[in-house]
Amino acid sequence: MIEIEEGGIASTVQDLGRTGHYHIGMPPSGAMDRYAHTVANYLVGNDADAATVEMTYQGITATFRDDAVIAVTGADMSPSLNGEPIDTWATVAVDAGDELELAFATEGARAYLAVAGGIDVAEVMDSRSTYTLVGIGGHEGRGLEEGDRLSIGDAPAERRELVGTRIDNEDVPDYADEDTVRIVLGLMSHRLTDEAKETLCDSEWTVSPEADRVGYRLEGPDLEFEEREQPFGAGTDPSNVVDLGYPLGSIQVPQKPIVLMQDAVTGGGYATVGTVISADRGLLAQRQTHKTVTFESVDVDEAIDARRDQNARLEEIRADIEGEE
Amino acid sequence: MDNERITPVDLPEPRYEYGADDHVFVELAEEMSFTANFKAMAITQQVAERDIDGVVENCPANASYMLRIDPEIIHPDDLIAELKEIESEIDLENYDWETRIIDVPVLFEDPWTHETLMEFRERHQDPDGTDLEYSAELNGFDGVESFIDAFVGAPHLVTMVGFVPGLPWCFQMVPRNQQLEVPKYVEPRTDTPSRAVGFGGAFSVIYPVQGAGGYQLYGRTPIEVLDTEQTLPDFRDSMVFPNPGDILNYRRIDREEYDAIREEVEAGTYEYNYENVSFSPEEFFESPAEYNEQLMEVLE
Amino acid sequence: MTEKTTIKSPMPGIFYRQPDPDDPPFVEPGDTVEAGDTIGLVEVMKNFHDIEADSSGTVSEFLVENEAEVEADQAIVELE
């Protein structure tokens, strides 16, 4: 059992999300940075889909009531155990009574705490992910607060043998790098002027303070739409379309672009003009408020290759860790 | 009401688009029509029936649909080829489906949405009126009462569910020349009461939870469209009640009835008044007013 | 001789000196504060987070303007 002493500012239990309910308006939720979440799980011998604690900008302080095997990945929040700094992207042993403390994020926005056996909260629609808007999943459907107690799933004693494992440096992302975020243009992008399409890909966008698990609102130049007589049912604004489904990662343009993230609205009446590729959604999720984002347009096959590469890399990491056991 | 028929619309060639590596979005028409919506429903039902490997989400929308996929199982281009094949085989003429006709009591001009719409007046096209006064005038009605008469005068078909869990988008089942149309707020509100009944573009909606919104606000229903605790009897199988293809019959109620229903909902005993019906687009197109009347009879 | 300390923002966001635009600021230069007193708010992800003094002292200077963008670990107020 883990007892939360400080919940941070937005810490939630997340797994890989719930699928199959998008058509009733249920977004997938799940870890915003799938790579960091998955590596944390692999480091403690869990499957990728085990639930972790996702912490945004500021970490939790918590006391473990049982012995445990943990890993902290993602944004650097200077974790310490009983006041002693611990390694990140590494497997760490925790004894009953130890206090884990994470500070604020120096690089990146989101850190993940995995525990061997996974965070054991009840599944809602086959997922432990928290979706705070309607208050389902995770711990009571909300962010963690002082006094909350999280159960840990059962894990075999051999998991202790993983303690001391650290993934290769080359597999640890550098969130200070402001790498371009790759997108596939399309959907309703024909609604933008040619100039606006260029502006979207050539500009430096700034992550707004509102950017959260629902959407990343970006500040930057205006994007103009092609003039047209609005189709029946769309509404009067040039950015309006007859309400349609929004892909996860899609960029909608009410005025300034908003990239839809894991807790996104599933559909609506604003033109979507492109989609962040699945392999880069975690990269965007690690971009802090006020940092810059630039988009690079790629084609669908490059997007699929990037996804394959990321999955292959995760599989190699998993195999390496398993070799240590 | 006159018994005009609805002419099926000639739809353009569908537009197949990639939503990055893991989504395929298909626009069936830019403008809203029953034909486009029925086609979206027919194709997504076929996709569900074929149980295509690698398709993880299947979402019909108003005049489009979207699929989420695992591209390592199925390449988007292979899926698009299959969707084109399904599209070519769809025969909307002889297509009908089992659906539900549902009674939705609404307290129009309720105190809660009234307070909200007055609070956000500066974001509205008409800062001096109410949303109903503005909508009535824009659609050529002589007053709010006659506008509400038109709004409840024919049922509304759920053409899409989404935005947030349980929010139905509904298209009124009348010929195009009788359809109401209003713009959305100039600037979206940051607040809307839960269970508010709104209208924007050509769609009515019921807001499941309190939150942001941009549709004109007309009233509030005492019944829930989302029950995350699944305590109400109609929510045993799903925390969301409305489904695409359902038919909602908005019914004007007074405050007394609103309070009485609300009490039942809060006690966890309220049961929806609905009936299963078979819906035939062809018969509906042929004689919408008469067909709607027949549908309504089952609720009596 | 007085010792100077700073209060830092633990998160990026927008810094506010008052709880509401119509309210007076939480503290003014010259005021004394106790550990745990709120000296301002930082807004991020549509929520406001209290910035609290971690020790007692006298507010000598605000190092950022009201409604300015702040980064994580940026010094906001100087105490002495």
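Which residues does Gly153(A) touch, not counting residues up to four places away in sequence?

## A glycine in chain A

Gly153(A) touches Gly117(A), Gly118(A) and Asp120(A), when residues up to four places away in sequence are not counted; here two residues are in contact if their C-beta atoms, placed from the backbone, lie within 7 Å. Gly153(A) and Ile119(A) are 34 residues apart in sequence, and their C-alpha atoms are 6.1 Å apart in space. The loop that holds Gly153(A) runs between β11 (149-150) and β12 of chain A, where strands (E, at least two residues) and helices (H or I, at least four) are DSSP runs, numbered from the N terminus. Gly153(A) counts as partly exposed because it has 15 C-beta neighbours inside 10 Å; a residue is buried if 20 or more other C-beta atoms lie within 10 Å of its own, exposed if 12 or fewer, and partly exposed in between, with C-beta atoms placed from the backbone.

## Basis of the model

This is a predicted model, in which local features need pLDDT of at least 70 and side-chain atom pairs count only at pLDDT 80 or more, while totals for chains, interfaces and linings use all residues. Residues are numbered from 1 along each chain as its sequence is written, and chains are lettered from A and ligands numbered from 1 in the order in which they are written.

## Domains and sheet of chain A

Chain A is divided into domain 1 (2-173) and domain 2 (181-305), with bounds that come from an automatic or database domain assignment. The C-alpha centres of these two domains of chain A lie 29 Å apart, and their contact takes 18 residues from domain 1 and 12 residues from domain 2. On the side of domain 1 of chain A that touches domain 2, α1 (34-43) and β10 (107-115) each supply at least two residues. By class, that side of domain 1 has 10 nonpolar, five polar and three charged residues; Ala, Val, Leu, Ile, Met, Phe, Trp, Tyr, Cys and Pro count as nonpolar, Asp, Glu, Lys and Arg as charged, and the others, Gly among them, as polar.

Chain A also holds an open sheet of eight strands with mixed pairing, in the order β20-β13-β14-β17-β16-β19-β12-β21, where two strands pair if DSSP finds at least two bridges between them. Its edge strands, each pairing on one side only, are β20 (292-293) and β21 (295-297) of chain A. Strand β12 (residues 181-185) of chain A runs antiparallel to strand β19 (residues 272-276) of chain A and is joined to it by three bridges, and Leu185(A) stands opposite Gly274(A) in β19(A). Helix α2 (residues 194-202) of chain A lies across β12, β19 and β21 of chain A and runs at about 125 degrees to β21(A); axes are lines fitted to C-alpha atoms, for helices over the stretch in contact, and angles run from 0 to 180 degrees between N-to-C directions.

## Chain B

The secondary structure of chain B comes to eight helices and 12 strands. The radius of gyration of chain B is 20 Å, close to the 19 Å that the globule rule gives for 300 residues, so chain B is as compact as a globular protein of that length; the radius is taken over C-alpha atoms, and the rule is 2.2 Å times the number of residues to the power 0.38. Of the 300 residues of chain B, 48% count as buried.

Chain B is divided into domain 1 (15-94) and domain 2 (98-297), whose C-alpha centres lie 27 Å apart. Their contact takes 10 residues from domain 1 of chain B and nine residues from domain 2 of chain B, and helix α1 (residues 34-50) of chain B provides the largest share of the domain 1 side, four residues. In helix α4 (residues 131-138) of chain B, the buried residues are Asp131(B), Leu132(B), Tyr134(B), Ser135(B) and Ala136(B), and what covers them includes α3 (111-119), α5 (144-152), β8 (196-200) and β10 (216-220) of chain B. After α4(B) comes Gly140(B), whose phi is positive, near 75 degrees.

## Contacts between chains

Of the two pairs of chains that touch, chains A and B have the most contacts. Their contact takes 41 residues from chain A and 44 residues from chain B, and α4(A) gives the most to the chain A side, with five residues. That side of chain A divides into 20 nonpolar, 18 polar and three charged residues.

The contact between chains A and C takes 13 residues from chain A and 14 residues from chain C. Chain B and chain C do not touch, and their nearest C-alpha atoms are 11 Å apart.
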